[in-house]
Amino acid sequence: MSWLRPCLGILRMHLRNSLQYRLAAWAQLTTNIFWGFVHAVIIVVFYRYGKQNAGVSSGMNITQAVSYIWLVQIALYLIPTFSIDREIRNKIQQGDVGIELCRPLDLYFHWFTRTAASRFGRFLLQVPPVASVAMLLPEPYRLAPPASLLSLLAAFCSLLIGFLLSCAVVGIIYVLLMQIRWGDGPVIMLTVLTDMLSGSYLPLQLWPAWAQRFLYAQPFASLLDLPLRFYLGTLAPSAFPGVALMQLAWMIIFVATGWLLMQRSLKRLVVQGG
Amino acid sequence: MNGFALYWRYLKMNLLAGLQYKGWPMQLIGVLVTVITDPLEVLLLFARFGSIGDWPATRVMLVYGLSLTAFGLAELFSRGFDYFPSQVRTGSFDRILLRPRSTFLQILGTRFHLHRLSRVVGGLFVIVWSLTKQGVSLKLQQLLLLLCALIGGYLVYTGIFVISSAVAFWTVQSLDWVNIFTNGSYQVAKVPPPLLPGWLRNTFTFFMPMFVCSYYPAANVCGWEGVPVGLGWLALPAGIAFFTASLVVWRVGVRHYASTGS
């Protein structure tokens with residue numbers, strides 16, 4: 001466990017670091033809130049004027065759907081697309097990977113913790129303002145309180161596991177980025193796919209009914225959609241053990257894959273530039 | 001060498017640089033994925049909810065497609081401005097000021113990614129799909145109108161990029177607010193404009209004339225009731241006006257520029 005101590009140090013350092021950029025954080029915050037509001041408006045229009053009564057067929061009513069939109073804005077920094085560390089990306093692209101490799105640390109877990117730390121800091125900053133604004137909005141656009149206290153707890157625990165899975169997905173993205181000569185095509189594909197299937201655009205429950213089983217079981221639902229279902233009450237807290245087990249399984253698979261791929265690509269790493 | 005030739009050279013250079021990557025075919029596949037997923041959300045919503053009021057998916061998709069294509073064009077040809085704020089921070093804008101060419105043109109040419117074509121292709125596909133589904137047959141005049149709408153929309157989005165770049169002269173950092181007007185504005189086009197809350201509709205009509213370049217031309221071409229026909233032709237003038245205003249802001253910004261380092 002020799003990597004644990006330095007990793008904890010990195011965790012502390014980057015948590016502090018990510019709390020420091022205040023102005024940019026404010027700009028981002030207001031944008032996120034506006035963004036959430038626009039999405040809420042879209043959802044409300046569809047629920048109000050839609051010809052088919054989708055609230056019944058999908059098991060998600062208008063309050064839950066709007067709340068979902070706000071929860072996505074709150075948990076934004078826990079999903080892969082927003083978690084790719086810009087510094088690591090630059091290091092890969094400018095050839096500083098060489099220097100990173102000189103450190104007596106496993107590169108995969110070094111980057112994993114680093115990503116986790118800076119993102120979790122952003123997440124903590126995001127929760128209080130977005131949640132309070134969203135809860136104070138007028139009726140159809142409002143974030144509703146959790147279904148129950150137990151639901152909230154289940155949602156939070158599940159979201160944390162989802163966050164680790166998210167870091168593992170980002171780990172795979174780093175490996176893809178290291179194949180510099182592939183360009184960013186594969187990375188774009190992977191991020192678009194995760195964005196869609198994690199339900200960050202649209203709650204997975206509003207997707208067609210015939211796809212629901214697949215959507216529930218695929219790994220990306222574990223990132224965001226499943227944890228949020230606990231909060232909304234569309235999944236009962238009693239389902240938590242099963243869901244958590246599935247999430248953990250996906251996380252282990254993704255970490256193992258990412259780590260192995262990293263070892264493989266480090267064997268024939270070509271540092272471009274320097 | 002005149003301005004256009006220079007810009008063309010910039011594009012060619014960036015394109016060839018992009019082709020150096022072994023994986024550029026992968027990028028094209030990535031493009032395909034984006035093309036499919038961009039309008040997918042709207043289509044999924046319509047699949048669940050059916051039509052909204054008397055607006056079926058086909059109608060909304062025309063407005064959405066027009067703004068999506070316009071945004072795609074701006075991303076394709078004016079991408080340099082999207083990346084510009086980092087040039088202020090690192091001080092590399094100094095280098096650009098030294099060259100005896102228009103700063104505007106040089107920034108415009110700093111980036112060109114072929115995969116940005118994806119939104120344009122996707123958007124055009126959506127427009128054609130929507131028009132065929134609605135059974136609208138285009139006469140020359142209406143084709144011209146749609147073309148004007150796209151050019152106007154392109155100018156509006158480029159204007160947004162330029163203004164956000166100019167703001168960076170003061171803030172040094174790039175601020176996320178620009179996203180409200182870029183990505184945010186075509187998100188809004190996913191629902192029929194008459195059903196939006198008034199202030200949101202007005203923002204994207206009078207402040208940033210995005211609906212002027214998508215909704216009104218679409219209404220004109222398809223003959224939707226309740227919308228004055230002539231408004232469709234405002235797209236190009238509105239685009240030009242917005243773009244000119246953004247140029248003014250840019251000029252003021254450049255004059256205000258103080259180097260931040262090298």
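This is a predicted model: local features need pLDDT of at least 70, side-chain atom pairs count only at pLDDT 80 or more; totals for chains, interfaces and linings use all residues.
In chain A, the axes of helix α5 (residues 86-94) and helix α8 (149-178) cross at roughly 25° and come within 9 Å. Because angles under 35 degrees count as roughly parallel, α5(A) and α8(A) are described as roughly parallel to each other, and their crossing is right-handed. On the side of α5(A) the contact is made by A:I88, A:R89 and A:I92, which meet A:Y174, A:L177 and A:M178 of α8(A). By class, this contact has 5 nonpolar residues and 1 charged residue, with no polar residues.

Helix α12(A) has 28 residues and spans 40 Å from its first C-alpha to its last, close to the 40 Å expected at 1.5 Å a residue. The buried residues in α12(A) are A:F240, A:V243, A:Q247, A:W250, A:M251, A:F254, A:V255, A:G258 and A:M262. An α-helix has 3.6 residues a turn, so residues three or four places apart point the same way.

Helix α11(A) is mostly covered, with 8 of its 8 residues buried. These buried residues are A:D225, A:L226, A:P227, A:L228, A:R229, A:F230, A:Y231 and A:L232, and they pack against α4 (62-74), α8 and α12 of chain A. Just after α11(A), A:G233 takes a positive phi of about 90°.

Between the chains, the contact takes 32 residues from chain A and 36 residues from chain B. On the side of chain B that touches chain A, the elements giving two or more residues are α2, α10 (178-181) and α11 (183-188) of chain B, and α2(B) gives the most, with 14 residues. Divided by class, this side of chain B has 19 nonpolar, 12 polar and 5 charged residues.

One helix pair in which α2(B) takes part joins helix α2 (residues 24-49) of chain B to helix α9 (residues 185-197) of chain A, the two packing at an angle of about 20° with their axes 7 Å apart. That angle makes α9(A) roughly parallel to α2(B), and the crossing of α9(A) and α2(B) is left-handed. From α9(A) the contact draws on A:G185, A:P186, A:I188, A:M189, A:V192 and A:M196, whereas α2(B) supplies B:M26, B:Q27, B:I29, B:G30, B:V33, B:T34 and B:T37. The residues of this contact of α9(A) with α2(B) comprise 8 nonpolar and 5 polar, with no charged residues.

Elsewhere in chain B, B:R201 is placed in helix α12 (residues 198-207) of that chain. With 16 C-beta neighbours inside 10 Å, B:R201 counts as partly exposed, because a residue is buried at 20 or more such neighbours and exposed at 12 or fewer. When neighbours within four places in sequence are left aside, B:R201 is in contact with B:P193, B:L196 and B:F211. Between B:R201 and B:V188 the separation is 13 residues in sequence and 8.6 Å in space, taken from C-alpha to C-alpha.

Note on methods:
Residues are numbered from 1 along each chain as its sequence is written. Chains are lettered from A and ligands numbered from 1 in the order in which they are written. Axes are lines fitted to C-alpha atoms, for helices over the stretch in contact, and angles run from 0 to 180 degrees between N-to-C directions. Helices (H or I, at least four residues) and strands (E, at least two) are DSSP runs, numbered from the N terminus. Angles under 35 degrees count as roughly parallel, over 145 as roughly antiparallel, 65 to 115 as roughly perpendicular and the rest as oblique. A crossing is left-handed if the near helix is turned anticlockwise from the far one by less than a right angle, and right-handed if clockwise. Two residues are in contact if their C-beta atoms, placed from the backbone, lie within 7 Å. Ala, Val, Leu, Ile, Met, Phe, Trp, Tyr, Cys and Pro count as nonpolar, Asp, Glu, Lys and Arg as charged, and the others, Gly among them, as polar. The expected span of a helix is 1.5 Å times one less than its number of residues.
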